[in-house]
Amino acid sequence: MRALGVGLIGTGYMGKCHALAWNAVAPVFGDVARPRLAMLCEVDDALAARRARELGFAGSTADWRALVTHPEVDIVSITAPNAVHAEMAIAALEAGKHVWCEKPMATSLADAEAMLTAARAAGKVAALGYNYIQNPAIRLAARLIGEGAIGPVNHVRIEMDEDFMADAQAPFSWKSAAQSGHGALDDFGVHAFSLLKVLVGEVAQVMADMAQPYPTRPLQEGGARPVETYDIATLLLRFASGASGLVALNRCAWGRKGRIFVQVFGAKGTISFDQEKMNEIELYTTEGRSDLQGFRRILTAPVHEPYDRFIPAPGHGLGFNELKIIECRELMRTIAGEPAHLIDFETGLRIERTVDAAARSFREGGWRAV
């Protein structure tokens with residue numbers, strides 16, 4: 001059987017992250033075959049050729065449709081802007097390729113539904129780029145919750161804050177255009193929903209508010225353009241389990257670089273996690289002497305799989321790119337027909353339905369079923 005042939009669309013922030021994962025997955029894990037880096041696509045031929053040399057791809061093109069139909073490509077990594085995810089993923093699936101598409105799945109529920117329909121018809125693996133759930137610290141938190149370490153979960157809160165759009169004078173970009181989606185809610189807030197899925201379960205109802213801290217942004221050529229998305233979103237949640245929740249999202253939070261602060265409250269304790277300190281969790285339980293109770297800091301270590309595949313010593317820490325390597329391996333296991341820890345298009349559509357319900361709640365008011 002030939003090695004898996006990879007096609008990569010886009011080589012920006014996440015494109016490079018995918019390329020590093022495809023290059024590293026075999027030497028890190030040793031239980032998957034080294035992929036063939038078959039073809040890379042960028043916006044023009046010169047850039048595509050240069051990126052192919054830098055990232056180790058055999059061929060390059062400026063035509064993404066040529067990539068998704070190329071006979072040497074078995075799986076397509078899609079890291080292009082949000083608005084084109086659906087078109088590219090559906091074309092790749094219809095061409096008989098597996099798909100690894102970055103989040104969000106799409107910029108509308110209808111597009112996400114069409115993507116899932118295409119995946120079902122093709123019978124191919126279709127996965128989404130939710131690498132935060134691959135963190136050994138998050139896996140440990142999920143296991144502790146599943147084992148009942150903090151008792152039945154009754155409430156969860158997630159605060160997700162970054163400051164990449166905090167400057168009011170930053171020029172208008174595609175992230176402020178309606179074609180990119182709703183804004184903070186789906187541009188990066190979907191990561192919060194992926195964590196809720198693995199830690200707490202299904203969201204049943206949502207009520208949401210969104211805000212535009214800067215109604216206009218300057219244009220490079222002068223003048224200004226109205227902002228069409230919402231950089232702040234706040235959601236109340238009700239889970240199928242009966243637990244309640246709150247998610248607060250802000251792309252304009254000065255000083256916050258990659259903060260995803262998670263608190264899961266149970267009948268017998270609490271677990272907390274902060275993505276800016278991504279190699280640790282804090283655990284509080286009511287067991288033992290009351291005068292010695294307090295939060296216990298747990299650093300990730302080789303006992304927290306698959307940390308051991310990267311580093312043999314505890315406390316040294318993994319990074320964002322390592323999480324994508326773990327996700328890549330889970331993807332390859334799924335293609336091989338093995339059980340894996342991954343968010344596929346089926347689960348991804350549930351996340352998109354949560355996004356859609358939140359957007360409808362903001363427009364219409366009140367609680368909305370997911």
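Trainee: Which residues point one way from E13, and which point the other way?
Mentor: This is a predicted model, so read every value as computed. Arg-259, Phe-261, Gln-263 and Phe-265 point one way from E13. Ile-260, Val-262, Val-264 and Gly-266 point the other way. All are buried.

Trainee: Why do the side chains fall into two sets?
Mentor: In a regular strand the side chains alternate between the two faces of the sheet.

Trainee: Which strands pair with E13, and in which sense?
Mentor: E7 joins E13 through 8 bridges, antiparallel. E14 pairs with E13 over 6 bridges, also antiparallel. Two bridges are enough to call strands paired, so both qualify. Met-160 has Ile-260 as its bridge partner in E13. Gly-266 has Gly-269 as its bridge partner in E14.

Trainee: How many residues lie between E13 and E14 in their hairpin?
Mentor: There are 2 residues between them.

Trainee: Why is Thr-270 called buried?
Mentor: The cut-off is under 20%. Thr-270 has a relative accessible area of 11%, so it is buried. Thr-270 lies in strand E14, residues 269–274.

Trainee: Which residues does Thr-270 touch, sequence neighbours aside?
Mentor: Leaving out residues up to four places away, Thr-270 touches Ile-150, Val-264, Phe-265, Glu-282, Leu-283, Tyr-284 and Phe-295. A contact needs heavy atoms within 4.5 Å.

Trainee: What is the strand order of the open sheet?
Mentor: E16-E15-E14-E13-E7-E12-E11-E8-E17, which is 9 strands. The pairing is mixed.

Trainee: Why are E16 and E17 called edge strands?
Mentor: Strand E16 (296–299) and strand E17 (368–369) each have a single partner strand, so one side of each is left without a neighbour in the sheet.

Trainee: How do you know that E17 pairs with E8?
Mentor: Pairing takes at least two bridges. Strand E8, residues 203–211, is joined to E17 by 2 bridges, so the pair meets the cut-off. The two run antiparallel. Val-206 has Arg-368 as its bridge partner in E17.

Trainee: Where does a positive phi turn up in the hairpin of E11 and E12?
Mentor: At Gly-242, with phi near 105°. That hairpin has 4 residues between the strands. Most residues other than glycine have a negative phi, and most peptide bonds are trans.

Trainee: Which peptide bonds are cis?
Mentor: Lys-103 to Pro-104 is cis, with omega near -10°. A cis bond also joins Glu-305 and Pro-306, with omega about 0°. Pro-104 is in the loop between strand E5 (98–102) and helix H5 (109–122). Pro-306 is in the loop between E16 and helix H9 (320–335).

Trainee: Why is Pro-171 called partly exposed?
Mentor: Under 20% is buried and over 50% is exposed. Pro-171 has 37% relative accessibility, so it counts as partly exposed. Pro-171 lies in the loop between E7 and helix H7 (184–187). Beyond its neighbours within four places, Pro-171 is in contact with Arg-217, Pro-218 and Gln-220. Pro-171 and Gly-242 are 43 Å apart in space, C-alpha to C-alpha, and 71 residues apart in sequence.

Trainee: How many helices and strands are there in the protein?
Mentor: There are 10 helices and 17 strands.

Definitions and conventions
Residues are numbered from 1 along each chain as its sequence is written. This is a predicted model: local features need pLDDT of at least 70, side-chain atom pairs count only at pLDDT 80 or more; totals for chains, interfaces and linings use all residues. Side-chain values use heavy atoms; hydrogens and water are left out. Buried means under 20% relative accessible area, exposed over 50%, partly exposed in between (1.4 Å probe, protein chains only).
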